[in-house]
Amino acid sequence: MPWNNEYWEKEEVLPKKELEELQFKRLKNAIKRAYDNVEFYRRRLKEANITPDDLKKPEDIAKIPFTQKEHFAQNYPFGLFAVPKEKIVRIHTSSGTSGKPKVVGYTAQDIDTWVNMVARCLYMVGVRDSDVFQNMANYSFFTGGLGFHYAAERIGAMTIPSGVGNTERQVQCMVDFGTTAIHSTPSYAMHVKEVVEEMGVADKLKLRIGCFGAEPWSENTRRRLEDAFNIKAYDSYGLSEMNGPGVAFECKEQQGLHIWADHYFTELIDPKTGEQVGEGEKGELVLTALTKEAMPILRYRTGDITILETDKCACGRTHPRLMRILGRSDDMLIVRGINVFPSQIENVLMQIPEVGDNFQIVLTREGGLDEITVKVEVRDEIFTGELWDLKELQQRIQRILQKELLLRTNVELVEKGRIERSMGKAKRVLDLRSI
Ligand code: ADP
Ligand code: ZN
């Protein structure tokens with residue numbers, strides 16, 4: 001049951017001071033639970049010469065060693081669980097985008113907390129029991145399938161577990177069932193958009209809301225999705241280690257993603273030094289899970305690069321906001337000394353009207369120098385035009401990339417459909433340098 005017409009739970013608008021008090025209480029509790037029940041944390045805290053009682057104020061968290069992705073591999077599969085196996089009612093794994101999948105477990109209480117957290121997000125962007133919610137996400141190990149599914153059901157929306165793939169059928173469902181809200185990865189949404197255009201059914205859609213996440217995307221992609229589907233498109237951030245989706249989500253203001261401070265303690269660090277960055281500076285997101293029973297996680301280095309905003313949001317929620325996640329620190333490309341994330345390239349490309357909906361970055365090494373080639377699909381009508389126009393377009397895209405990202409690239413124009421479509425997370429970069 002929602003708290004009222006606007007907010008799913010009253011915690012969303014707790015006065016800041018109360019929210020901070022609740023957060024600190026839960027933080028102490030989470031550290032104690034980890035220490036008492038997980039050998040790994042007990043050992044790490046002992047090595048750092050601290051006990052849970054040393055946490056006198058929130059800043060003291062900096063004394064606790066970071067948990068890293070490799071610790072999941074070292075404790076694979078169940079070594080980080082804090083409860084006996086009988087208490088675990090479900091496991092998921094991460095998608096395995098970088099490295100061995102991480103296994104995560106949930107108690108019945110964890111599932112309930114998580115479902116509420118995602119419901120909070122969906123309710124925030126306007127999903128109600130009158131909506132038809134089509135969940136175009138993978139329903140197996142990936143947390144985005146079941147995570148959204150149960151949340152939409154909890155709100156009471158008519159929920160369609162359509163999964164990924166079979167895209168024409170997906171679109172037909174949207175038309176036939178009058179789908180009003182969708183969830184998918186942004187790259188799959190771009191593919192659905194193409195199929196909607198091919199089928200010529202855009203004016204038969206009743207969509208209002210799109211929730212897109214699990215991978216980086218850009219403002220200009222948002223614009224394209226909003227125009228194509230006639231929706232408002234919201235950014236959804238989460239990771240399996242922290243439950244899954246629902247960790248942070250945009251509100252209707254679309255000015256960053258509220259990160260739920262009653263469930264997570266947030267820090268932003270310099271990935272090189274591990275020191276906290278200043279307010280408004282870019283850094284790596286470090287999260288401590290406050291309410292997870294099966295698997296408390298302390299100071300987890302997500303690898304995700306973002307900026308934290310703490311001033312009040314016009315929506316009334318008191319929780320801080322993450323700015324759009326640029327990508328993982330290990331996704332950052334360094335090409336001849338220039339740092340760039342694939343999501344920045346995407347943003348530049350998606351503002352160019354002749355550019356289609358898909359692209360790929362290919363890295364090669366020639367004569368000891370890194371070369372970056374951006375393969376760009378162009379719209380059908382452009383490809384059938386004069387050869388001269390294509391050359392002009394190719395050079396223009398190169399110029400715009402160089403101007404906006406200071407990056408010299410080789411742009412290669414290809415026909416629509418030449419780059420593989422993604423059903424889940426897109427694989428944007430093909431690195432041929434080590435082959
Ligand atoms: P994997 O790390 O194997 O892909 P997950 O499926 O748990 O496993 O994915 C979580 C990761 O996905 C995050 O750490 C982040 O890198 C990325 N991610 C999730 N949501 C977003 C988003 N809205 N924007 C950018 N990246 C995102
Ligand atoms: Zn807000």
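Q: Which strand gives the most to the shell around ligand 1?
A: Strand 7, with five residues. Keep in mind that this is a predicted model.

Q: Which strands supply at least two residues of that shell?
A: Strand 7 (232-239) and strand 12 (300-309).

Q: How many residues surround ligand 1, and which are the closest?
A: 19 residues surround ligand 1. The closest are S94, T97, L239, S240 and I325.

Q: How do the shell residues divide into nonpolar, polar and charged?
A: Six are nonpolar, nine polar and four charged.

Q: OK, domains. What does the domain assignment give?
A: Domain 1 covers 1-326, and domain 2 covers 333-431. Contact between them takes 23 residues from domain 1 and 15 residues from domain 2.

Q: Which elements give two or more residues to the side of domain 1 that touches domain 2?
A: Helix 7 (186-199) and helix 8 (219-229). Helix 7 contributes the largest share of that side, six residues.

Q: And by class, what does that side of domain 1 have?
A: Eight nonpolar, ten polar and five charged residues.

Q: How many Å apart are the C-alpha centres of the two domains?
A: The centres of domain 1 and domain 2 lie 30 Å apart.

Q: Switching to helix 1. How many residues, and what reach?
A: Helix 1 runs over residues 16-37, which is 22 residues. From first C-alpha to last, helix 1 reaches 31 Å, close to the 32 Å expected.

Q: Which residues of helix 1 are buried?
A: L19, Q23, A30, I31, A34 and Y35.

Q: Now helix 5. What's its reach from first C-alpha to last?
A: Helix 5 (residues 143-155) has 13 residues and reaches 18 Å, close to the 18 Å expected.

Q: Why is helix 5 called largely enclosed?
A: Because eleven of its 13 residues are buried. Among them are L146, F148, H149, R154 and I155. The buried set also includes T143, G144, G145 and G147.

Q: What comes just after helix 5?
A: G156, which takes a positive phi of about 100°.

Technical notes
Residues are numbered from 1 along each chain as its sequence is written. Chains are lettered from A and ligands numbered from 1 in the order in which they are written. This is a predicted model: local features need pLDDT of at least 70, side-chain atom pairs count only at pLDDT 80 or more; totals for chains, interfaces and linings use all residues. Domain bounds come from an automatic or database domain assignment. Two residues are in contact if their C-beta atoms, placed from the backbone, lie within 7 Å. Helices (H or I, at least four residues) and strands (E, at least two) are DSSP runs, numbered from the N terminus. Ala, Val, Leu, Ile, Met, Phe, Trp, Tyr, Cys and Pro count as nonpolar, Asp, Glu, Lys and Arg as charged, and the others, Gly among them, as polar. A residue is near a molecule or strand if its C-beta atom, placed from the backbone, lies within 6 Å of it. The expected span of a helix is 1.5 Å times one less than its number of residues. A residue is buried if 20 or more other C-beta atoms lie within 10 Å of its own, exposed if 12 or fewer, and partly exposed in between; C-beta atoms are placed from the backbone.
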